[in-house]
Amino acid sequence: MSLVVVPHVAANESFTVNFGEGVEAKKIGDLRPKVLALTKKPVPDVSIEYVMKRYRALFENASTPEVRIEALDRLNSLSASFGINEAKLTVDPYVQAEVILDTYQSIVDSGETYQRMDELLYQTAKATAFTGDVLESIKRLELLVGLYPKSPLVEEALFRLAENYFDLAEFSRAKEFYVKLLKSTKAPRLRAFSEYKLAWTHYRLEREGDALLSLSGLFDQYPGVYNSLFTTDLEIIPFKPNAYRGFDLPAEPGLLSDGMRLLALLNQNGDRIANIKSTAEKLGGANREPIVLRALVDQFGTKQRFFDAARLIEAYAEGATLDKALFNYSLRAVQLYAQGGHTIESWKAKANLVDRFGIRSEFWARSDAQTKNAIRDDLIVVVGELAHLNFVRMQESEVKDQRTVQQAKKAASYYLQLAALKPNTVESYEAMYLAAQALETSGQTAKAGELYATAAYSGLAHQYQAKSAYAAFYLASGRGVGGSDTAEEWSETRFELAQKYLSAFPGHDAAATTALATASAYVSSGNEESATRLFESYDAFTNAEPNQRLAAAISLAGLYYNGAEEYAGFYRAEQQYLAADQLARSIIKAQEIEGDSDVSKSQRIAVTESARRSIDDISNGIANSRFKLAELAETPEQSIEHYASIFDAFSQHPLAPDAAFNGASVAVQNKRWAQGAAMHQVFLEAFPSNKLTEISRQQLIVSLEMLGRTQEAADELMVQARLLVDKDRTLSANSAYSAAGYYAANDFPLLARESYEWLLRSHPERPELAVEALSFMVDQAEPGSAESRSASERLVSYVEENKLDDERSASLAAVNALRIASVERDAFNAMSISQPFKSSLKKKTAALNRCTEAYKRVVKFGIAEYTNAARFEMGDIYQGLAHAIMDSERPSGLSALEQEQYAILLEEQAIPIEEEAIALHEQNVKTRGNNRADEWISASYAALARLNPSLYARPIIGPSHAPVSY
């Protein structure tokens, strides 16, 4: 195995050795089979114990020293090989030492030459060391080294000499033998240990440069030490691969850590940062700086100089190239400050760490994804702690001064870094909310508002989501959250944020009502626990006056109420209030009955009046308790029941409106639409002037809509529209429009018409709704009736007067203008040309002009479909006029020739009109372009094929005839 050594070997320590041939050497006999030229015969077929017993007997009875030592060696070899250490089979170490010395002396006295003298020198050196004679042991080892330089025992002899001189503090001689050993041996662990001891030897000789060189030799045997800046245990760093098969030492625990301790001692004075760099160069280069730093930090830690250790790390980090390892060591600095109780420095170290390695640092910018992921979790913890620290300091400031603003800015910065480190997570949006609060405190309300909105509508639920939405909405007014509201006009952004907030978080406290202040009474002594116990046992006071018991009961109820935090607590308070109420009423009843009581009438009246006054307080307590029970109820059913009971039992109580409203709201929020609608109707009827009526009516409308009771919803919508006409014109107009739609859907056209007419009168600023209202009136009129034409004319004129050019308005106007034109067309077509020709043609022409103007009106709206229809109809009218002229009534009394001439004259008048028809149809077909022909263009193609067959009589895609027109 090895020569067991420690930094200070005792003079009588047993020598052991291992030649790399398998069996651990425990005693001197282990050397014999490996070194001495003995023939090892097969072990007889007997037990090892039997063989050892024979060798023990031979050792005890041999007459010559050579035989005794041979027997002893064989005995020790068998003991080590088979692990047998029974006292009756082995020889006591002290006896062995004595035998070896006697044997050596016998051989010397005999004057004969002994062929294994080197081993005898070694064994006697060992024996004398065992007996405590170190100097004699050194003498024999020096003889061995001097006389037998090629002996296989020389390396161990050199090592033992160096160790003995080191233990004797003769460091110059120790250095001499350590150097000789390093020159001669190739055993890796022996070399490592020798470098280690040589380093300490140089240190003792005050040769610090040479000590560093020796330490470098030691560290080179542990390559991993150069990457071990943050290894918690140096002992886990492996020795470099060892294939050496000769004599070597066993693994020595603590060797590397003690070498690091020496390295620290060599750097404990002067400018430590400069020392680290210069020492690293002596150890082999700048890449050795981390182990020098670790050595010093570990040394400071051992001496509990935590501040110095942490400050050293920070000072080193200020000028070093930052990497993942240094990040972890910077964390170590934070821990060391904290371990030493240096809280302020610990927080500063955290801030420095974030500055150097954080998400906004140059280090982070140049790091790869693997490095970022490796430090992210620790960085998140530190950033979160810094954010919280500055946030708490900001909150604790009683006055908003410059220091508070700086703390708020720091808190915001750290929270934003935290959000960036954990993107798109619940934690990131919670951090954004807190950052927004800090920014708001620092006066950066615009940025705070943006963060509030992001945190509120991120898509991930978190504990601050509703608060974020409310804050984003409130900041849109230019005030901080909690500031007083004014009658100022809201911005569009604030309207949008309000709608989003109310839509997303209808259950938030600020969206419905604020929390009731529930702290109502505290006992004057301030000892509520004792007071509660007293009042609970108040019945034991049998002499107490009725009004005193009542006061006790009320006080106990108040204590229950004030101490309640859960549903059960407020339920208990309510029950106590009910008991107090029963007691008060029983007091009143008892005092009103005349009897033999010794209580005077005046006393009875005083007690009665006191009880009556108490009933009011009790009723208030019951109402408050039930309100709390409603707020804390686990189920919607319980909450609604409690709210309703307040309204039913205490309709005049100040809480009754809120209770009625809240009960209805809880029902609506939990989609109990029928119950919610009924309760909102009751609320609106009972409290028509309450500030919550607007919200109540809105929730009532939603409930009615969800129930499909749209006619009732329409009634409420019209009420809402009229009430809000001067307060919220957008909602007013939309409500009237929706009401009209519901009336129409429920077949109440007159009510729908009335709603639309009110909308037209009250909201001229909403033309898009007005157009739809006028379109409804057109649709409701009898087709072809005067009312229908009037409605169409009203719609078209409205669009024209208001210059509406959106597609919907233009389309509705165009189709209604086409309807109006169709009436003129039908009137024109109904007129015939008769005699007298001139007079009837004039009337026909006038009707043509009216048609032309009507169709031109259609074209003005620019809707292709209706423009094409108008052109086709005009062309058709001109074509019909030409035919009407040709087919008109002939004057009577004309001869055949005169009739022919008359026809020619008619044709001359008809041809230009027909050409006009052709021109209109051609204009229509030219608008087609590369688009597919619609029905009107197709109809124009068909008309042209009839009017000009030579040019247009060919197959086309589309209808073969014009559609039925208006």
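Modeller: Accessible areas come from the Shrake-Rupley method with a 1.4 Å probe, and for residues only the protein chains shown count as cover. Computed in this way, the accessible surface of the protein chain comes to about 48,800 Å², of which 50% belongs to carbon and sulfur atoms. The model is a predicted one, in which local features need pLDDT of at least 70, side-chain atom pairs count only at pLDDT 80 or more, and totals for chains, interfaces and linings use all residues. Residues are numbered from 1 along each chain as its sequence is written, while side-chain values use heavy atoms, with hydrogens and water left out.

Colleague: How many helices and strands does the protein chain have, and what makes a stretch count as one or the other?

Modeller: Helices (H or I, at least four residues) and strands (E, at least two) are DSSP runs, numbered from the N terminus. On that rule the protein chain has 42 helices and zero strands.

Colleague: How do you know that the span of α40 agrees with its number of residues?

Modeller: The expected span of a helix is 1.5 Å times one less than its number of residues. Helix α40 (residues 896-926) has 31 residues and should therefore span 45 Å, and its end C-alpha atoms are 44 Å apart, which agrees. Helix α15 (residues 324-339) passes the check as well, since its 16 residues should span 22 Å and its end C-alpha atoms are 23 Å apart.

Colleague: Where does α40 bend, and by about how much?

Modeller: The bend at a residue is the angle between axes fitted to the seven residues ending there and the seven starting there. For α40 this angle is about 25° at Ala910, and a proline, Pro912, follows within four residues.

Colleague: Why is the pairing of Arg207 with Asp210 called a salt bridge?

Modeller: A salt bridge is a side-chain nitrogen of Lys or Arg within 4 Å of a carboxyl oxygen of Asp or Glu. The closest N and O atoms of Arg207 and Asp210 are 2.6 Å apart, so the pair meets the definition. Arg207, at 38% relative accessibility, counts as partly exposed, and so does Asp210 at 24%. A search of the whole structure finds 27 salt bridges, and Glu142, Arg173, Glu176 and Lys180 are linked in a network of them.

Colleague: Which parts of the chain does the salt bridge between Glu716 and Arg697 link?

Modeller: The closest N and O atoms of Glu716 and Arg697 are 3.1 Å apart. This pair links distant parts of the chain, with Glu716 in helix α32 (residues 710-723) and Arg697 in helix α31 (residues 693-707), 19 residues apart. Glu716 counts as buried because its relative accessibility is 17%, and Arg697 counts as buried at 13%.

Colleague: Why is Glu824 called buried, and why is Arg850 called partly exposed?

Modeller: Glu824 has 15% relative accessibility and therefore counts as buried, whereas Arg850 has a relative accessible area of 42% and is partly exposed. Their side chains meet in a salt bridge (3.6 Å, N to O).

Colleague: How do you know that Glu430 has no salt bridge?

Modeller: Lys and Arg count as positive and Asp and Glu as negative, while His and the chain ends are not counted. The nearest side chain of opposite charge to the buried Glu430 is Lys422, which is 8.3 Å away. Glu430 lies in helix α20 (residues 426-441) and touches His462, Gln463 and Tyr464 (contact means heavy atoms within 4.5 Å), not counting residues up to four places away in sequence.

Colleague: What makes the phi of Lys671 worth a remark?

Modeller: Most residues other than glycine have a negative phi. Lys671 is not a glycine, yet has a positive phi of about 60°; it is in the loop between α29 (655-669) and α30 (673-686), and with a relative accessible area of 63% it is exposed.

Conventions. Buried < 20%, exposed > 50% of the residue type's maximum accessible area, 1.4 Å probe, protein only.
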